[in-house]
Amino acid sequence: MSILAANRASIARAARILCGGGIVAFPTETVYGLGALAFEPLAVARVFEAKKRPSFDPLIVHVLDRSMLSQVANELSGVAERLARHFWPGPLTLVLAKSESVPDLVTSGLQSVAVRMPSHPVARALLEQVNAPIAAPSANPFGSLSPTRAEHVAKGLGSNVDLILDAGSSEHGLESTIVTCDPVPTLLRPGAIPVESIEAIAGSLARPAGGPVAAPGQLPYHYAPGTPLRVIDPSAVPSSQRARAGLLTLRDEFVGYAALRVLSRRGDLREAAAAFFEALHALDALGLERIDAAPLPEIGLGLAMMDRLARAAARA
Ligand code: TXA
Ligand code: MG
């Protein structure tokens with residue numbers, strides 16, 4: 001495995017690896033992805049292996065443009081078309097009826113396929129060079145924190161990946177927002193586009209009942225650091241419990257914690273989202289007894305971060 005700064009030569013090399021059946025980690029505007037050519041089931045199987053991902057958890061297929069989209073899904077219509085026009089290229093994933101040619105392994109046997117058209121120039125250059133859809137989940141071991149930097153990928157997946165393209169920190173720092181329009185517009189995963197922005201285009205979205213959203217593979221335990229994590233109001237934590245714990249907060253500081261990560265001094269949720277996984281990776285590396293996460297406001301990107309925290313806490 002090697003990490004190469006993303007440039008023309010390294011992207012061309014990554015494309016050759018993909019076309020030869022290899023797997024490559026690459027930057028997107030949300031988080032780093034671990035890609036294989038979507039129409040090469042053996043390469044896709046390597047992605048599942050490298051992540052230790054259960055085969056019932058389907059992958060997102062990345063496409064360059066509408067013509068590539070037509071290889072994996074049928075024509076868009078209605079709300080899906082409006083959403084695609086508004087948010088693509090960008091961090092929106094649409095779950096669509098799949099074309100027959102998409103391998104079952106990619107969709108875990110579902111008749112639908114999750115598709116997104118990324119905006120990141122490196123992801124786009126890679127798609128252009130391989131000239132084929134790329135299936136790519138986040139480039140982390142299954143269930144653990146998502147990678148927002150090449151170093152996170154190297155630490156989590158290491159030698160299981162043929163090449164890592166490095167383009168610095170991810171812009172959004174949270175995974176794409178996943179929506180299905182069938183049978184009704186529904187939020188499957190809150191993500192980098194605030195749900196309010198989606199609803200401004202799609203009208204109000206159904207939300208699968210009972211807190212964390214229920215997409216296949218949207219398991220209750222997910223996005224978890226190795227260190228036990230709980231969501232708790234820090235002012236309710238006695239100082240005796242703070243000494244060997246780390247704290248993740250939006251803007252307020254609390255004394256007595258062994259380590260502290262403030263996501264945005266201005267309380268800006270977009271800035272906080274971009275720093276979110278990075279802060280969790282950093283706290284996780286300190287060998288603390290526990291991570292306390294102060295609740296975030298559940299509006300805008302705060303909803304997506306709280307979704308990730310609830311799943312991380314479910315593992316503890
Ligand atoms: O921002 C992102 O979406 C990143 C970058 C790399 O594109 N990718 C990503 O992929 O987060 P992953 O595999 O970590 O999450 C994909 C989620 C899974 O939870 C899966 O259950 C859901 O998408 N999914 C995939 N296909 C689906 C389908 N046909 N129906 C419903 N959910 C689906
Ligand atoms: Mg993931």
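Helix α10 is largely enclosed by the rest of the structure, because 11 of its 15 residues are buried, where buried means under 20% relative accessible area with a 1.4 Å probe on protein chains only. This is a predicted model, in which local features need pLDDT of at least 70 and side-chain atom pairs count only at pLDDT 80 or more, while totals for chains, interfaces and linings use all residues. Residues are numbered from 1 along each chain as its sequence is written, and side-chain values use heavy atoms, with hydrogens and water left out.

Among the buried residues of α10 are L301, L303, M305, M306, D307, R308 and R311. The elements that cover them include strands β10 (186-189), β11 (229-231), β12 (245-249) and β14 (290-293), together with helices α8 (195-202) and α9 (269-284); helices here are DSSP runs of H or I of at least four residues, and strands are runs of E of at least two, numbered from the N terminus.

Two or more lining residues come from each of α7 (150-157) and α9, with α9 giving the most, 4 residues. At least three lining residues are drawn from each of domain 1 (3-202) and domain 2 (229-315), bounds that come from an automatic or database domain assignment.

Definitions and conventions:
Chains are lettered from A and ligands numbered from 1 in the order in which they are written. Buried means under 20% relative accessible area, exposed over 50%, partly exposed in between (1.4 Å probe, protein chains only). Contact means heavy atoms within 4.5 Å.
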